[in-house]
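Below are some notes for a colleague who is opening this entry for the first time. Please read them with the sequence and the 3D view side by side.

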Amino acid sequence: MATVNLDTKTVETFERQIGGTLLRPGEPDYDEATSVWNAMVEKEPALIARCRGASDVIAAVTFARNHDLRLAVKGGGHNVAGNGLCDDGLVIDLSPMDAVRVDPAARTARVQGGATMADLDRETQTHGLAVTGGIISSTGVAGLTLGGGWGRLGRKYGLAIDNLRSADVVTADGDLVQASDDQHSDLFWALRGGGGNFGVVTSLEFDLHEVGPEIPGGVLAYTHDDVAEVLRFYREFAAEAPDAASVYAAFIPAPPEPRFPEEQWGETLLLFRLFYAGDLEEAKAVFEPFRAFGEPIINSFEPMPYVEFQQISDDLFPAGRRYYWKSNYFDDLPDGLIDQLVAHVEDLPTPYSSIFFEHLGGEISRVDSDATAYPHRDPLFAITVSPAWTDSDDDQALIEWARDVYEDLAAYASDGVYVNVLSNEGKARIREAYGGHFERLRSIKTEWDPENLFNVNQNIAPTG
């Protein structure tokens, strides 16, 4: 690649142009900067620009363009496909740009491109405010939002993109522009679901909502013997639940922890996270039928800090394991799909593997599908097959397991896939992620990035 041929003087000149740090292989902090959430991703960029502000990003984009370098953009580094890194080229590392500024009177937040959900929740909850975003606190706010932005508040307040007021973007030309409904509206439309194809988002402005500081939440867990009956109940409950109620689910092997009965350690459980964005007494009434159903081995429900609930699944998906995901949308959970799930989950392949459900619908489905680049407004569920492991020798076997389960479930799936859960699955799958908006996105890509500088992503190639 071109970077390895850059002379020392050229690199040193670039280094003086940025206020942040420029890292090279072998230097202190380089290994940390190339470590991302998914340990399967092992790449060695020639240069890492740890940016402190938009001016650093402008300098880095300009340098990459002028020297024909492969360019990747790293925010939270939580992407399963590892698109925050590249081999040989230049990585724009936004992680030092993690500031969050809340205006409690206007109920808005301005969030820099390197902030995580933990950063955002910590600042907004000081004022009893929140915005839809993620189920793992280490998720990067910008990457999550650019793909759409699922989260537990989505059923009541829409996706993260539905709450986005504006975004500051460094374009392929090295210009800093603000995109909103009133400025560069075509770019703003594309950013809301089109991923990182159109520029480097250095900050985002969100509308906030009154949430917390405590919310009603809980956990239900059922043994494998009960899961078929429980899933049938879940599909009916999820379809009729009020918008304030969100029930995420996962098949997991019970870890050896005190909160799980010792006799169940290592066995597959069906775990539900109950969340309610509203009054405790209302929540109790809504969830009472669910909590009374069957014989759950864990049945907890109480007020808890919203920030704590946002971190409740962190231990299931820690950084440093090897991950591979295969995912689909589902309009329903028909009996045939439930039978397939029961057959596959009795013996999950590792103690860290899971199959997890996102509970969608509500306000998400009421937004016109053409209002943003995110096209998949109708499905009620998404199901992701998620093996996780630690030994690279197991890569092929675990990837094949995920693909086999995915294929057996796919017959019941609806169209499309959420771009943020895509592994490296090829051009056809990328088209499915962008759905009927692909050609419009391609046209906007051609306008804003005709040379495809921003291509280390679920890429939309420009025309020509």
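1. Ser-365 is placed in helix 12, residues 363-366. Helices here are DSSP runs of H or I with at least four residues, strands are runs of E with at least two, and both are numbered from the N terminus. Ser-365 is partly exposed, because its relative accessible area is 31%; buried means under 20% relative accessible area, exposed over 50%, and partly exposed in between, with a 1.4 Å probe and protein chains only. Between Ser-365 and Ala-167 there are 198 residues along the chain, and their C-alpha atoms are separated by 23 Å.

2. A word on the basis of these notes. This is a predicted model, in which local features need pLDDT of at least 70 and side-chain atom pairs count only at pLDDT 80 or more, while totals for chains, interfaces and linings use all residues. Residues are numbered from 1 along each chain as its sequence is written, and side-chain values use heavy atoms, with hydrogens and water left out.

3. Arg-152 sits in the loop between helix 5 (141-147) and helix 6 (154-157). Is this arginine, Arg-152, buried or exposed? Arg-152 counts as buried, because its relative accessibility is 3%. Setting aside neighbours within four places in sequence, Arg-152 is in contact (heavy atoms within 4.5 Å) with residues including Gly-134, Ile-135, Ser-246, Tyr-248, Arg-273 and Phe-275. Phe-309, Gln-310, Ile-312 and Ser-313 are also among the contacts of Arg-152.

4. Ser-423 is another loop residue to look at, between helix 13 (395-410) and helix 14 (427-434). Its relative accessibility is 4%, so Ser-423 counts as buried. With neighbours within four places in sequence left aside, Ser-423 is in contact with Val-80, Ala-81, Tyr-324, Trp-325 and Gln-458.

5. Next, a helix pair. Helix 1 (residues 8-17) packs with helix 3 (residues 54-66) at an angle of about 155°, and the axes are 9 Å apart. Axes are lines fitted to C-alpha atoms, for helices over the stretch in contact, and angles run from 0 to 180 degrees between N-to-C directions. Helix 1 and helix 3 are therefore roughly antiparallel to each other; angles over 145 degrees count as roughly antiparallel, under 35 as roughly parallel, 65 to 115 as roughly perpendicular and the rest as oblique. Helix 1 contributes Thr-10, Phe-14 and Gln-17 to the contact, and helix 3 contributes Asp-56, Ala-59, Ala-60 and Phe-63. By class, this contact has four nonpolar, two polar and one charged residues; Ala, Val, Leu, Ile, Met, Phe, Trp, Tyr, Cys and Pro count as nonpolar, Asp, Glu, Lys and Arg as charged, and the others, Gly among them, as polar.

6. A second pair is helix 8 (residues 227-240) with helix 11 (residues 335-345), packed at an angle of about 140° with axes 10 Å apart. That angle makes helix 8 oblique to helix 11. On the side of helix 8 the contact is made by Val-227, Ala-228, Leu-231, Arg-232 and Arg-235, and on the side of helix 11 by Asp-335, Ile-338, Asp-339, Leu-341 and Val-342. The contact of helix 8 with helix 11 has six nonpolar, no polar and four charged residues.

7. How many disulfides does the structure hold? The count is zero, with a disulfide taken as a pair of cysteine sulfur atoms within 2.5 Å. Cys-51 is in no disulfide, and the nearest cysteine sulfur, that of Cys-86, is 13 Å away. Cys-51 is buried, with a relative accessible area of 0%. Cys-86 is likewise in no disulfide, and Cys-86 is buried at a relative accessible area of 1%.

8. Some backbone details remain. Gly-212 and Pro-213 are joined by a cis peptide bond, with omega about 10°. Pro-213 is in the loop between strand 11 (209-210) and strand 12 (214-223). Asp-29, a residue other than glycine, has a positive phi near 80°. Asp-29 lies in the loop between strand 1 (21-23) and helix 2 (30-33), and Asp-29 is partly exposed, with a relative accessible area of 46%.
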